[in-house]
Each structure stands twice: as C-alpha cells, then as structure tokens.
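Could you walk me through this model, stop by stop? I have it open in my viewer and would like to know what to select next and what is there.

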Amino acid sequence: MDPLDIMMRLDQIVPYFDPIISAENQFIIGYETIPYFQDDENELHNLLWFFKDSSIPSEFRLELTHNVLQKVLDAYMTTDQSQLLFIHYDAKLLLKDNGDSMISILETYENQGLSLNRLVLQFSEAFVSEHIASLKHLFAYIQTFGIQIAIDDVGEKNGNLDKLALIKPNIIKVDVSFLQEDDLPQLYQDVHHLLSMLSRKIGAALLFKGIASFHQLNYAWRNGGRYYQGEYLEKTQLEFIPMDSCKEKVKKDFQHFITFERKKMWAQLDLTEKINEQLKNTLKTVKSDDPYDKTILSVANNCDDYSFRVYICNEAGFQLSSNAEKDADGTWRLLPEGRQKNWSWRPYFFENIARMNMEKKGILSDLYTDIERDERIRTYSYPISSDRFIFIDIPYDFLFEQEGLL
C-alpha cells in the first residue's frame with residue numbers, strides 16, 4: 001500500500017486486539033493492539049509494517065502512531081481497565097522528542113481516568129540494543145509514570161541478552177511461531193532457558209507469542225513462559241472479550257503437560273534409583289586402595305548397557321582418573337588425557353557436590369550437549385566418599401529408548 005494513501009485516510013484505520021493469557025490463572029490479562037487499514041472493499045491490511053519502514057518519513061509514522069494510540073485509548077477507556085494494554089511504539093520516534101509528545105497524549109487521558117500502570121509500551125529489541133545508552137534513562141523515566149516496558153522479538157539476534165539487564169524491562173517477548181511440530185532445535189531451547197533465568201533475575205515476565213499449536217504452547221510452558229499469545233489460544237479480536245474465554249482450553253492443555261512432566265520425573269527417579277543400587281553393589285567389590293582407573297573400569301563394565309564414559313573427580317572438580325570410554329566396537333578403553341582436567345566451571349557443579357554429600361546419593365543431570373560427541377546426553381554423578389565422586393555419561397541412544405528421559 002502507498003503510505004500517502006494511508007495518511008490521507010486515517011479515519012479508515014481500525015485497531016484490533018490480540019489477547020494475552022496468563023499461565024497463573026488462565027485468564028486474558030491483556031491485549032496487544034494491532035492496527036489495520038480497512039480499504040474501500042472492507043478488506044483489512046495489517047499496518048505493523050508501516051511503523052518499521054524507515055523509508056517512510058518519521059512525521060508520517062509519528063502521526064499514524066498517535067492516531068492509533070488515541071483510537072486504542074478511546075476503546076480502552078470504555079472498559080474497567082483491569083487488563084493490560086500493549087501498545088507498539090517505535091523507539092526511534094520516541095528518541096526524537098524524548099517521549100514528550102507521547103507522554104502529553106497519555107497525560108490527557110490520565111486526566112480523564114486512564115490508569116497509566118495498565119499500559120505496556122512495546123519496543124523492538126533490535127533498535128533498543130543498538131541505542132541502549134540513549135534509551136536506558138528514557139525508559140526509566142517512562143517507568144516512573146507507572147507505564148510498563150516490553151521488549152519484543154528477544155533472542156533473534158545473538159549477543160544482546162546482557163543488555164536486557166541494563167534496560168530492566170517489565171516484560172520480555174519471544175516469538176515461537178517459527179518452531180515446527182518436530183523441529184525444536186536445542187539451540188533455541190538453550191536460548192529460551194537463558195531468557196527464562198534472566199527474566200527471573202531482573203524481575204521481568206516472559207511472554208511467548210506466535211503460539212499456533214498445542215506443541216508450541218507446551219514448549220512455552222516448559223520454558224518458563226508466564227504469558228502466552230497466539231491464534232491457538234485466541235484469535236485477534238475487534239473488541240475486548242470475556243477474561244475467561246479460553247480458560248477451560250488452556251487448563252485442559254496444562255493438565256496434559258503436567259501429566260507428561262510427572263511421567264518424565266518418575267522415569268528419571270527410576271533410572272536414578274536403578275543406577276544408585278547398581279553402583280552400591282559394584283563399589284562393594286572395589287577395594288578402597290584400588291587405583292582410580294581400575295575402579296572406573298569395574299564400574300564401566302557393570303553399567304555397560306547405559307553408559308559410554310566413566311571418570312572420577314574430587315570435590316574441587318579435578319579429574320583423578322582417566323576416561324573409561326566405550327569405542328565403536330563396544331570395548332572399554334582408558335584415555336589418560338582426561339586426568340587433571342577441571343570441571344568445576346560446569347553449571348551446578350558445586351551445588352551438586354553439596355547435594356550429594358548432604359543426601360548421600362547420586363544425581364541425574366538435565367539434558368545437555370556433549371562437546372566431543374555432539375549429542376544430547378545426561379550424566380549421573382555419585383559420591384564415592386566426601387571428596388571423591390564418580391561420573392557416568394549416558395548416551396542419547398539409551399535415553400531415546402526409555403520413555404520420559406528426553
């Protein structure tokens with residue numbers, strides 16, 4: 001569409017509202033506003049592209065932004081303002097006048113009864129990350145009015161996650177629409193897990209958008225999403241709808257997720273208990289003064305059906321033994337180059353050491369990628385003594401064959 005045609009017919013711009021659902025109570029807790037242009041044939045055209053096109057004069061984009069903002073607020077003022085209202089705003093336009101024109105509009109509505117703490121200004125991460133120094137204080141100033149800040153499309157570019165902590169947004173938005181039913185690359189799961197931990201540390205809520213399937217909702221739920229958005233839950237609406245419109249649907253899906261996660265938990269506990277008992281029996285046959293390499297070979301041969309690597313470390317993370325590794329023929333071999341490597345840099349290493357000493361039993365790790373084999377594995381660690389620990393690496397093939405271990 002020609003931007004000039006749109007600017008000459010601002011009265012034909014219609015705001016739509018995309019519901020956002022909370023994981024906590026399964027209610028609609030807010031709406032993202034999506035502006036559409038309704039042409040003479042009553043066909044709707046999404047206008048989000050207009051705000052992102054830098055070739056369009058900034059005066060046009062600012063005028064359209066304020067036109068949409070006023071139409072949205074007019075509609076919102078007719079509600080009880082119990083739900084959040086997410087509003088797109090170009091951070092580049094915000095910088096042009098330090099947000100003065102926007103704040104002036106909002107204050108006009110505030111005088112008419114608008115609750116500013118129900119508003120969420122949504123900005124694209126790409127521009128924000130590039131202009132962090134300029135925007136950091138401006139965002140903080142906007143937040144003093146009670147207005148919340150949401151950063152959209154987070155994680156699409158590498159290297160920007162650390163900057164989110166400087167901005168301190170209230171909400172972090174992540175798009176999962178590109179994830180197919182059977183295509184959930186571990187890279188993205190790792191990034192989203194990092195985002196979940198980061199959002200928790202800085203006090204931000206994690207919102208997954210673009211949810212178009214049961215599978216994507218499950219992914220968002222498993223990766224710490226507090227809020228969800230997408231056509232699988234509710235379609236974009238011309239008006240606000242009852243808060244509980246999709247509560248039963250989401251609640252039912254959650255029950256499926258919970259049932260499946262319980263099965264996974266019990267499968268992991270069963271495997272942990274199985275290895276625990278087997279190791280106890282194996283270690284009874286090992287003398288306390290046996291060389292470490294002899295010990296790991298005894299253990300390796302006794303857990304041959306579910307392991308490919310065994311080694312021993314001390315409480316500081318230094319490897320005391322060689323690696324006992326199974327070759328392609330299924331034969332266990334000692335690789336001495338592993339000795340004296342330090343593994344304390346691994347996440348949760350000291351936490352797990354403390355747990356093993358406290359609980360006097362082994363721990364099964366979460367799934368992670370083994371660098372040498374480039375495959376997803378788990379590691380079982382077990383306390384031989386208060387300062388000696390044996391580690392057993394479990395291959396993907398075994399985990400794949402067992403229900404609930406992936």
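Here is a short tour, from the whole chain down to single residues.

**Before you start.** This is a predicted model, in which local features need pLDDT of at least 70 and side-chain atom pairs count only at pLDDT 80 or more, while totals for chains, interfaces and linings use all residues. Residues are numbered from 1 along each chain as its sequence is written, and side-chain values use heavy atoms, with hydrogens and water left out.

**Stop 1: the whole protein.** Show everything as a cartoon and you will find 14 helices and 16 strands; these are DSSP runs (helices H or I, at least four residues; strands E, at least two), numbered from the N terminus.

Stop 2: Colour by accessibility next: 49% of the 406 residues count as buried, meaning under 20% relative accessible area, with exposed over 50% and partly exposed in between (1.4 Å probe, protein chains only).

**Stop 3: the cores.** Select Leu64 and Phe123, which touch the most other members of the largest nonpolar core, a set of 72 residues. Helix α3 gives the most to this core, with six residues. Apart from it lies another core, of 24 residues, including Ile275, Leu364, Ile390 and Leu399. A nonpolar core here is a set of buried Ala, Val, Leu, Ile, Met, Phe, Trp, Tyr and Cys residues joined through side-chain atoms within 4.5 Å.

Now zoom in on Phe123. Leaving aside residues up to four places away in sequence, its contacts (heavy atoms within 4.5 Å) include Tyr89, Leu94, Val128, Phe139 and Ile151.

Stop 4: Most residues other than glycine have a negative phi. Select Gln81, in the loop between α3 (58-76) and β4 (84-88): its phi is positive, about 60°, although it is not a glycine. Then move to Lys168, in the loop between α8 (161-167) and β7 (171-175), where phi is also positive, at about 55°.

Lys168, in contrast, counts as exposed, at 56% relative accessibility.
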